[in-house]
Amino acid sequence: MRIPRLLTAVVSAAILLPASATAATAASIGSYVALGDSYTSGPFIPVQRLDPLGCGRSTANYPSVLAAALHAGRFTDVSCAGADTTNMTRPQGVPFNGTNPPQLGALRIDTDLVTLGIGGNDYDVFGSLISTCPGLRASDPTGSPCEEHFDGSVTPAIGNIGPRVEAVLAAIHERSPRARVLVVGYPRIAPEKGYCPDVLPFADGDYAWLNSVEADLNRALEDAASNGDAEFVDTFGPSRGHDACARGGSAWINGKNQNIFEAAAYHPLKTGMAGVAAVVLKSLR
């Protein structure tokens, strides 16, 4: 697959490696496997793959951009929208009567790079926020009605995600013992300051809460990576200024409007995938 514009964005955004370092990195990646959910697969980002169509797997998602930058000898992307940690070992039913096989089935004894982007769908953490918070804004536009609605229930759920991810990491190491394993965190959705209710229709006070939920989730993933003999790639910090409210084409994340020719609502845009790929590639230096 050819993605020259995204590849150019990756090179210019992140890294400027010396030629010798680039060659050494590329030469070391004989087999790369990408695992994950919709923040990895890239639903609606052109061009969508058909294997199966219901996974929303884009040829311009960050694993594809990364694989091209690394000149990976073999690249296997089995990420799928809606996946949670259970779908690493169990098949996942997807729209259009499709099935995505257990993602860990893609691993081989000679796999030497694995990226894992998972956790946000466990206990419906992301889904419940996105489906609930916008509808509560009208009741208290300047308050925190969504935080009040969940009343502390999100934090315990996030606390249970870490052990699940650790179990996935143990299974990855068992199947691919020589692989370098990277747990890729979630990029920022809401800005640090300011509001854009026309794009991100949360109540003003819930912006800070949404950031805290994402930060907690990323910390849980970082701890899981540390406990599971893997590396954590922080995309939350590097995506500062690239949230859904960002203007001038600098946003990495789509807002509330679903666009079947660009990106799913509240999901990474093509620019976001290039940005995440640049962060991951930098971590591989």
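D229 lies in the loop between helix 8 and strand 7, the latter covering residues 231–233. In this predicted model, the phi angle of D229 is near 60°, a positive value in a residue other than glycine. D229 has a relative accessible area of 62% and is therefore exposed, since exposed residues are those over 50%.

A positive phi angle also occurs at F96, where the value is near 65° and the residue is again not a glycine. F96 is placed in the loop between strand 3 (92–94) and strand 4 (98–100). With a relative accessible area of 67%, F96 is exposed. A further positive phi, near 55°, belongs to H71, the residue that follows helix 4.

**Individual residues and their surroundings**

| Residue | Relative accessible area | Class |
|---|---|---|
| G119 | 0% | buried |
| D204 | 18% | buried |
| G30 | 34% | partly exposed |
| D229 | 62% | exposed |
| F96 | 67% | exposed |

What surrounds G119? Leaving out residues up to four places away in sequence, G119 touches D37, I161, Y186 and L217. G119 is placed in the loop between strand 5 (113–117) and helix 5 (125–136). Its relative accessibility is 0%, so G119 counts as buried; the class of buried residues takes in values under 20%. G119 and N160 are 41 residues apart in sequence, while their C-alpha atoms are 9.9 Å apart in space.

D204 is placed in helix 8, which comprises residues 204–227. The relative accessible area of D204 is 18%, and D204 is buried. Not counting residues up to four places away in sequence, D204 touches R137, P141, T142, G143 and Y195.

G30 is found in the loop between helix 2 (19–28) and strand 1 (31–36). At 34% relative accessibility, G30 counts as partly exposed. Apart from neighbours within four places in sequence, G30 is in contact with A72, G73, R74 and D112. G30 and A263 are 233 residues apart in sequence, and their C-alpha atoms are 30 Å apart in space.

**Two cis peptide bonds**

V47 is found in the loop between helix 3, residues 38–41, and helix 4. Another cis peptide bond joins D51 and P52, with omega about 0°. P52 likewise lies in the loop between helix 3 and helix 4.

Helix 4, formed by residues 62–70, is mostly covered, for 8 of its 9 residues are buried. The buried residues of helix 4 are Y62, P63, S64, V65, L66, A67, A69 and L70.

Helix 9 runs over residues 270–283 and has 14 residues. From its first C-alpha to its last, helix 9 reaches 20 Å, close to the 20 Å expected at 1.5 Å a residue. Why can helix 9 be described as largely enclosed by the rest of the structure? The reason is that 10 of the 14 residues of helix 9 are buried. These buried residues are G272, M273, A274, G275, V276, A277, A278, V279, V280 and L281.

**The protein as a whole**

The protein has 9 helices and 7 strands. Its radius of gyration is 18 Å, close to the 19 Å that the globule rule gives for 285 residues, so the protein is as compact as a globular protein of that length. The C-alpha trace spans about 55 × 40 × 35 Å along the principal axes of the protein.

Buried residues make up 56% of the 285 residues in the protein. Among contacts with a separation of 6 or more, 72% are between residues 24 or more positions apart.

The protein exposes about 12100 Å², and carbon and sulfur atoms supply 54% of this area. How many side chains are positive and how many are negative? The protein has 21 positive and 27 negative side chains, and the centres of the two sets lie 10 Å apart.

Key:
Residues numbered from 1 in each chain as written. Predicted model: local features only at pLDDT ≥ 70, side-chain atom pairs only at ≥ 80, totals over all residues. Heavy atoms only, no water. Helix = DSSP H or I, 4+ residues; strand = E, 2+ residues; numbered from the N terminus. Expected span 1.5 Å × (residues − 1). Buried < 20%, exposed > 50% of the residue type's maximum accessible area, 1.4 Å probe, protein only. Rg over C-alpha atoms; globule rule 2.2 N^0.38 Å. Contact = heavy atoms within 4.5 Å. Areas by Shrake-Rupley, 256 points an atom, 1.4 Å probe, with all protein chains shown as cover. Lys, Arg positive; Asp, Glu negative; His and termini not counted. Charge placed at Lys NZ, Arg CZ, Asp CG, Glu CD.
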